[in-house]
Amino acid sequence: MPEADSTARPLPYAGLRVVEFTHMVMGPTCGMLLADLGAEVIKVEPIAGDNTRKLIGSGAGFFPMFNRNKKSIAVDLQTPEGRELVLKLVATADVVSENFKPGTMKKLGLDYASLSQLNERLVYVSHKGFLPGPYDHRTALDEVVQMMGGLAYMTGRAGDPLRAGSSVNDIMGGMFGAIGAMAALAARDHPTRGTGKGQEVQSALFENNVFLVAQHMMQFAVTGQPAAPMPSRISAWAVYDVFTVRDGEQIFLAVVSDTQWAIFCEAFGLQELRTDPRLHSNNDRVHARDWLMPLLRSHLAGHSAAELGAVFEMHALPFAPITRPQDLFEDPHLKATGGLAPITLSDGERAGQVTSTVLLPLTLGGERPGVRMNPPRLGEHTRELLQELGYPEEAIEALQAAGITR
């Protein structure tokens, strides 16, 4: 598959160079966001490659999802020649992004204090488990911070904490890293009050998770009542549930206002419920859920999910099919609106095959930022970048022969 350029107009970060030392999800997400918005993002990988390329199971989608629109250079950073090469590359960069354990980059001489001496305009983004403080020595994972940060408690049933079904903190932590980079670039380059200098940006999994549950913290602050886990919460609305209907299908249905209640009752022949004084207002219906919901479940059980969805859509009532992630490749809305774009896989048993990937959930001037480059093959751009840095051909060959680059 040839590399596609789906964006005709210049992207906002075209001309910006980002050098990233990242793996897994958090750091690569930051780079992907900047890359999708036009930046040249160079992924510095070890000679054996980012281990994320080799993950199986739930990690198999990490590399192809979060590394599109990037270049790959493979370098042995344990060698003086490798570090010298990377320092030359950093000298040309606007942004450096990393998500390794605290202290790793300092040992390599690639921490902010060192690199800012080389390039004072550099914006340096560190993605960590915790911002500096009592916990910053701990090893963090998305699951760890979901458990200690209240999200698993809120997601699972009482006594059964459950992590969210996506790498929410890694992804959002990378997003906040990118937002921080954008803020630092604005502070550096503003036409009237720009400093001309870069700064260090820090983003962290734990703090991101606390931000996610802050609404529940504030609920307690406002009401004095602890937030209940989502499966056992007191709903704000009477009908806001998953219904099991004909042939065991499931569908989420919601009726969230008095107007919608009247429409719902009319659509499904429930006039007696509509006029029942015990169900006059939304709050009345919330208090009546214990006897109301079994009645509604029984009344709707004979319909198929498709039939219910059609009636709810016709009357502009909220509903949703219960969809598996793999089904979204065929979602008519995503396909019609350009929310999916083709890429060619670079690793694994399906390397070379074309599939679809999910674009950023935003438009710029009515267009979705697209895929300009496939997820890179390991070291795909090493020679190109070394040539740009002024390395003669014989030096490039020598570095490869010595195993310093690939």
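**Figure 1. A sheet of three strands, E7-E8-E9, in the predicted model.** This sheet is open, and its strands pair in the antiparallel sense. The model is predicted. Strand E7 (239-244) and strand E9 (319-321) are the edge strands, and each pairs on one side only. On average, neighbouring strands of this sheet are turned by 15 degrees against each other, direction ignored. Strand E8 (residues 250-255) pairs with E9 over 3 bridges, in the antiparallel sense. Leu-253 has Phe-319 in E9 as its bridge partner. Helix H15 (residues 305-314) lies across E8 and E9. H15 runs at about 25 degrees to E8.

**Figure 2. A sheet of six strands with parallel pairing.** The order in this open sheet is E3-E2-E1-E4-E5-E6. Strand E3 (70-74) and strand E6 (200-204) form the edges. Each has a single partner strand, so one side of each is left without a neighbour in the sheet. Neighbouring strands here are turned by 20 degrees against each other on average, direction ignored. Strand E1 (residues 17-21) and strand E2 (residues 40-45) run parallel and are joined by 4 bridges. Arg-17 stands opposite Glu-40 in E2.

Figure 3. Val-44 stands opposite Ile-73 in E3. E3 is mostly covered, with 5 of its 5 residues buried. Lys-70, Ser-72 and Ala-74 point one way from the strand. Lys-71 and Ile-73 point the other way. The residues on both sides are buried, the two lysines Lys-70 and Lys-71 included.

Figure 4. Helix H1 (residues 26-36) lies across E1, E2, E3, strand E4 (95-98), E5 and E6. H1 runs at about 140 degrees to E5. Helix H3 (residues 80-90) lies across E1, E2, E3 and E4. H3 runs at about 145 degrees to E1.

**Figure 5. The surroundings of His-127.** This histidine is found in strand E5. At 1% relative accessibility, His-127 counts as buried, the cut-off being under 20%. Leaving aside residues up to four places away in sequence, His-127 touches Met-26, Gly-27, Cys-30, Ser-97, Glu-98, Asn-99, Gly-173, Gly-174, Gly-177 and Ser-203.

**Figure 6. Helix H8, residues 168-189.** At 1.5 Å a residue, the 22 residues of H8 should span 32 Å. The end C-alpha atoms are 31 Å apart, which agrees. Asn-169, Asp-170, Gly-173, Gly-174, Gly-177, Ala-178, Gly-180, Ala-181, Ala-184, Leu-185 and Arg-188 are buried in this helix. An α-helix has 3.6 residues a turn, so residues three or four places apart point the same way. Gly-173, Gly-174 and Gly-177 are among the buried residues of H8, and His-127 touches these three glycines.

**Figure 7. Aromatic pairs.** The structure holds 11 aromatic pairs. One of them joins Tyr-135 and Phe-206, with ring centres 5.7 Å apart and planes at 75 degrees, so the pair is edge-to-face. Tyr-135 lies in the loop between strand E5 (123-128) and helix H6 (142-148), and Phe-206 lies in helix H9 (residues 205-212), so the pair ties together parts that are 71 residues apart in sequence. At 34% relative accessibility, Tyr-135 counts as partly exposed. Phe-206, at 16%, counts as buried. The rings of Trp-237 and Tyr-240 have their centres 4.9 Å apart and their planes at 40 degrees, so this pair is tilted. Trp-237 counts as partly exposed at 30% relative accessibility. Tyr-240 also counts as partly exposed, at 30%.

**Figure 8. An aromatic cluster and two charges over rings.** Trp-261, Phe-264, Phe-268 and Phe-312 form one aromatic cluster. The charged end of Arg-278 sits over the ring of Trp-291, 4.2 Å from its centre. Over the ring of Phe-243 sits the charged end of Arg-297, 4.9 Å from the ring centre.

**Figure 9. The strand pair E10 and E11.** Strand E10 (residues 340-344) and strand E11 (residues 354-358) pair in the antiparallel sense over 5 bridges. Thr-344 has Val-354 in E11 as its bridge partner. In E10, 4 of the 5 residues are buried, so the strand is largely enclosed by the rest of the structure.

Technical notes
Residues numbered from 1 in each chain as written. Predicted model: local features only at pLDDT ≥ 70, side-chain atom pairs only at ≥ 80, totals over all residues. Heavy atoms only, no water. Expected span 1.5 Å × (residues − 1). Buried < 20%, exposed > 50% of the residue type's maximum accessible area, 1.4 Å probe, protein only. Pairing = 2+ DSSP bridges. Phe/Tyr/Trp six-rings, centres within 6.5 Å; stacked < 30°, edge-to-face > 60°. Lys NZ or Arg CZ within 6 Å of the ring centre and 35° of its normal. Axes fitted to C-alpha atoms, helices over the stretch in contact; angles between N-to-C directions. Contact = heavy atoms within 4.5 Å.
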